[in-house]
Amino acid sequence: MMENNTVIKKKTAGKEALLGVLKSRINRQFLFYLDLCARCAICRDACHQYKVTKDIIYLPAYRAELIRRIYKKNISPFGKVFPRMFEGKEIDDEKLLEELGKATYACTSCRRCMVYCPFSIDTAWVLSIAKEILNAAQKGNTMLGELADAAIFKGENIDMLKDILKETLKETEAELKEKLNDENASIPMESQGADFLYVALAGTHTILPAAMIFNKAKINWTLSMFEASNYGYFLGSSIKAKTIAGRIVDEAKRLEVKEIIITECGHAYRVMKFLYEAWAKEKLPFKIKGFVELVTEFVKDGKVILKEGNLRDPVTYHDPCQVGRNAGFYDEPRYIVKKISTDFRDMTPNRERNWCCGGGGGLVAMPELEKFRIQTGKIKADQIKHTGAKILVTPCENCRLQIGNLNEAYNLGIEISSMMDFVVNNMVV
Amino acid sequence: MNGFSFFAAGILIYIAVIVFLAGMAYQVYRWIKTPRSSVMLGIFPRPKNKGARFFKLLKDSFIFPHSIEVDPWMWIFAILFHFSLAAVLLAHFRMVREFTPLVDVLGKEGMEKLGAIAGGTMGTILFIAILFYIFRRFFSPYKDLSVFEDYFIVFLLIVIIALGDHLRFFAKISVSDYRAYFQSVLTFRPYFPETIAAKGAKWVLTMHVFFVNLFVMYFPFSKLTHAIGTFAVNTVRSDV
């Protein structure tokens with residue numbers, strides 16, 4: 001495929017070019033993060049990966065320290081004069097880059113360390129810049145790179161793929177009509193002037209239940225031809241990430257929708273809601289909403305009617321980092337779960353203190369980190385076990401995949417459900 | 001005052017103040033001229049209004065309550081260290097002017113007693129806290145995380161605090177003697193009054209002031225800028 005050619009053509013960037021990448025990403029917050037860290041390591045046990053492995057490479061302060069050492073040697077006015085004071089390092093230092101690659105691609109970007117840091121240092125943000133440097137040094141993650149390039153390829157060749165996509169959805173649409181017992185139920189695509197553009201994931205598991213809810217709520221929606229997930233973001237290339245998210249933005253502009261609804265996918269929501277406008281340097285002419293937010297509105301407005309108290313089995317809810325801590329939806333999902341279940345059991349800790357599942361940041365897509373994420377997911381597994389719940393609801397695909405793996409590895413014996421499946425199974429059809 | 005004292009506890013003070021002010025101004029200028037991130041880097045839940053946001057900023061900057069949950073010992077010693085340091089710094093102003101309202105209440109002897117007890121307590125707490133800081137860095141993972149700067153700053157602080165405690169506990173120098181010295185510095189004619197110059201403790205005082213000068217001069221170029229940076233960076237926490 002084309003990405004192979006680009007790899008061969010590109011030469012490894014020199015020291016100056018790598019420094020250029022770092023310098024171009026400097027902003028005021030980044031300076032604070034690099035200048036102020038006292039290396040107190042209070043963040044130590046805030047990170048599930050350090051807590052389990054006790055390996056310094058996963059200590060949040062140390063991960064950022066790697067970038068700090070480059071910054072001190074090359075950018076900080078005082079550090080340039082006295083680099084030894086800070087163990088300043090060159091940006092093309094092989095050992096440093098190797099450590100940086102390990103520390104960076106293992107990070108799930110859950111930003112839990114930020115909650116506990118006295119200076120609220122955003123390690124994930126520092127590492128997002130580390131990823132740009134690694135990519136420029138041709139040390140980006142290969143698997144994530146390939147997945148990102150495939151998504152860009154799909155965007156460039158969508159006209160070829162359109163009909164295939166529509167064809168595969170015919171079966172799903174038939175299933176939808178049968179489930180709702182409604183001949184008029186449909187999965188519209190490319191519907192000009194629709195109110196909502198719904199962005200799902202690859203496969204139909206996030207299309208069918210969402211379509212049931214949308215048809216039930218009788219809204220004017222249309223399904224995006226693109227998947228929400230963004231491997232460019234995981235790879236840490238803001239250019240690729242922007243291109244991938246841009247496919248959806250262009251589609252929304254073309255169809256003149258009022259809102260983009262991102263399915264239950266944590267990072268996709270973060271990219272659209274918090275990052276895209278900064279990358280593209282433009283204000284989007286429509287709102288961005290997450291699925292949980294929308295479905296809560298439907299329930300509150302009576303557009304979707306839930307069978308209240310339908311479940312007696314204990315149910316727990318996992319706050320995905322990108323839905324909770326990084327987007328602020330704590331009450332909405334609990335509102336729905338508590339309506340349906342008579343025995344809701346919150347995890348300890350929860351909300352902004354909730355432990356990361358261990359699979360975010362693209363980890364579930366990196367085979368080389370599979371063992372690691374199961375190992376470091378032990379904290380999450382214990383937390384789930386402690387609730388005694390039979391069903392776990394969580395509105396993030398990454399979390400579900402990871403917790404599914406934990407379920408097997410740690411014999412949790414729970415049923416894992418997306419929010420939309422949970423709603424569909426417990427709503428009045 | 002002999003030559004070294006005149007330099008270390010005299011003119012070096014002026015140099016230190018100039019370096020500190022210029023360095024801090026430069027550091028703040030560097031921060032301000034760098035554009036803010038166009039991405040909102042805060043975390044949720046977000047404060048409901050400006051007042052709540054300001055209150056959260058103060059809370060996070062002064063007592064960082066979340067940290068106690070993950071590292072209670074570090075939190076306790078950090079709080080002890082910083083609050084004692086603030087109290088000790090404040091108490092040093094007694095050398096500029098006597099806290100007359102307090103003397104009115106306590107009487108002259110009572111004031112001396114308060115100074116001895118409060119100063120002694122704070123000085124002891126500071127010394128224990130700084131020892132905790134350094135011992136912690138002798139163990140993994142802190143050892144592997146630490147760079148030379150970390151030891152350098154703690155070294156300066158240990159020396160400053162130890163000498164300060166020595167002056168508090170063993171040197172028989174009265175507050176009016178200190179005030180005379182301090183006034184001489186403020187009027188740009190640094191000298192030790194006879195009562196200090198005649199005592200061996202003048203060397204302790206000279207070295208205490210000397211190391212404070214080094215610390216103050218290093219301050220703007222180090223992680224110590226967190227003393228003011230913490231307010232700026234903790235507002236980012238609510239930037240959502």
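## Backbone angles in the loops of chain A

N181(A) lies in the loop between helix 11 (158-180) and strand 1 (196-199) of chain A; helices (H or I, at least four residues) and strands (E, at least two) are DSSP runs, numbered from the N terminus. Its phi is near 55 degrees, a positive value in a residue other than glycine. N181(A) counts as exposed, with 8 C-beta neighbours inside 10 Å. A residue is buried if 20 or more other C-beta atoms lie within 10 Å of its own, exposed if 12 or fewer, and partly exposed in between, with C-beta atoms placed from the backbone. This is a predicted model, in which local features need pLDDT of at least 70, side-chain atom pairs count only at pLDDT 80 or more, and totals for chains, interfaces and linings use all residues. Residues are numbered from 1 along each chain as its sequence is written, while chains are lettered from A and ligands numbered from 1 in the order in which they are written.

K54(A) also has a positive phi, about 60 degrees, although it is not a glycine. The loop that holds K54(A) runs between helix 4 and helix 5 of chain A. K54(A) is exposed, with 12 other C-beta atoms within 10 Å. Most residues other than glycine have a negative phi, and most peptide bonds are trans.

## Cis peptide bonds

The peptide bond from T348(A) to P349(A) is cis, with omega near -10 degrees. P349(A) sits in the loop between strand 6 (344-346) and helix 18 (370-376) of chain A.

In chain B, a cis peptide bond joins F44(B) and P45(B), with omega about 5 degrees. P45(B) belongs to the loop between helix 1 (3-33) and helix 2 (50-62) of chain B.

## Parallel strands in chain A

Strand 1 of chain A runs parallel to strand 3 (residues 259-262) of chain A, and four bridges join them; strands pair if DSSP finds at least two bridges between them. Y198(A) stands opposite I261(A) in strand 3 of chain A. Strand 3 of chain A also pairs in the parallel sense with strand 4 (residues 287-290) of chain A, over four bridges. Here I261(A) stands opposite K289(A) in strand 4 of chain A.

Strand 3, helix 15 and strand 4 of chain A make a right-handed β-α-β unit. A crossover is right-handed if, with the strands pointing away from the viewer, the path from the first strand over the helix to the second runs clockwise.

## Domains of chain A

Chain A is divided into domain 1 (2-139), domain 2 (145-300) and domain 3 (315-425), with bounds from an automatic or database domain assignment. The centres of domain 1 and domain 3 of chain A, taken over C-alpha atoms, are separated by 28 Å. Their contact takes 14 residues from domain 1 of chain A and 19 residues from domain 3 of chain A; residues are in contact if their C-beta atoms, placed from the backbone, lie within 7 Å. On the side of domain 1 of chain A that touches domain 3 of chain A, helix 4 (48-53), helix 7 (94-106) and helix 8 of chain A give two or more residues. Helix 4 of chain A gives the most to this side, with five residues.

## Contact between the chains

Across the two chains, 46 residues of chain A are in contact with 41 residues of chain B. Helix 3 (28-36), helix 5 (60-74), helix 8 (112-116) and helix 15 (266-280) of chain A each supply at least two residues of the side that touches chain B. Helix 3 of chain A gives the most to that side, with six residues.
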